[in-house]
Amino acid sequence: MSSRGTVLEAERLVVGYAGAPVCGEMSVAVGAGEILGVVGFNGAGKSTAARTLAGRQLPISGEVKVHGLLANPDAVAFRREVSAVFDEDLFFPSLTVREHLLLVARGHSLPDPEEQVEEELSFFGLQERADVVPESLSSGQRRRTLLAAGLMRPASLLILDEPEQRLDPVMREALGRRIRSLADGGATVVLVTHDPQLLLDTATSCLVIDDEVTLATSEVAAAIIAGA
Ligand SMILES: Nc1ncnc2c1ncn2[C@@H]1O[C@H](COP(=O)(O)OP(=O)(O)OP(=O)(O)O)[C@@H](O)[C@H]1O
């Protein structure tokens, strides 16, 4: 546990649908500056767990708390703390990439929103596509837009569901460095991933999701997802 205190806490959490659990019960306590990798086979329940930790779906039993606040995305105080990026996240069909990012920057009262947006466009290699609407983007460009929006806003807890998907190797490496630097700045990160290298580059501990949920080092978890 981090000396900087627990940020995300879940005790005997059971996640699933219509009262049916998708995986074993889990307990987590993640501190400021820590990166919790979440791994498991296809369909193991990683995204379900991540969505529950992000407050996007209710647990079957147990509670999720962030800084002691019950997970509830309708609560302003919770939303301020938590940024989550999922593949199914939505866009406004008539807003361009730049307009989406400006909306996020202004909505979170970032200083110099225009400048910050240009930095994100550059980091995610989106400058050339900044003025097109989501429909005209490739799936990887849409993914990068969502990640840019999720990473640029202030948050003490960042939940990323397979952020490496549809990113090329250079972008994956840059993303790993970015995640690490956010954690170095004090953010807590939950990272669902199938990428052993991203896990090794970032995670400080890992949750292996299965019928039983266990804690593992990033080396052990990376070996599991690499099929070793
Ligand atoms: N909305 C839903 N309603 C009912 N069952 C669902 C729903 N979404 C997912 N599931 C089921 O819950 C189980 C866990 O799914 P989940 O998406 O959490 O797995 P995952 O570990 O993230 O998988 P992957 O690695 O393939 O992304 C799967 O059996 C899936 O079919």
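Helix H4 (113-123) and helix H5 (139-152) are among the elements that cover the buried residues of helix H3; covering here rests on contact, that is, C-beta atoms, placed from the backbone, within 7 Å of each other. Helices (H or I, at least four residues) and strands (E, at least two) are DSSP runs, numbered from the N terminus.

Colleagues, please note that this is a predicted model, in which local features need pLDDT of at least 70, side-chain atom pairs count only at pLDDT 80 or more, and totals for chains, interfaces and linings use all residues. Residues are numbered from 1 along each chain as its sequence is written.

Let me stay with H3. Which residues of H3 are buried? In this helix, residues 97-107, they are Val97, Arg98, His100, Leu101, Val104 and Ala105. Buried means 20 or more other C-beta atoms within 10 Å of a residue's own, exposed means 12 or fewer, and partly exposed lies in between. The face turned away from the buried side of H3 carries the exposed Arg106 and Gly107. Just after H3, Ser109 has a positive phi of about 50 degrees.

I turn to Ala155, in the loop between H5 and strand E9 (157-161). Ala155 counts as buried because it has 21 C-beta neighbours inside 10 Å. Beyond its neighbours within four places in sequence, Ala155 is in contact with Glu81, Val82, Ser83 and Ala187.

Finally, the sheet. Four strands form an open sheet in the order E4-E1-E6-E7, paired antiparallel; pairing requires at least two DSSP bridges between two strands. Strands E4 (26-31) and E7 (69-70) are at the edges, each with a single partner strand, so one side of each has no neighbour in the sheet.

Key. Contact = placed C-beta atoms within 7 Å.
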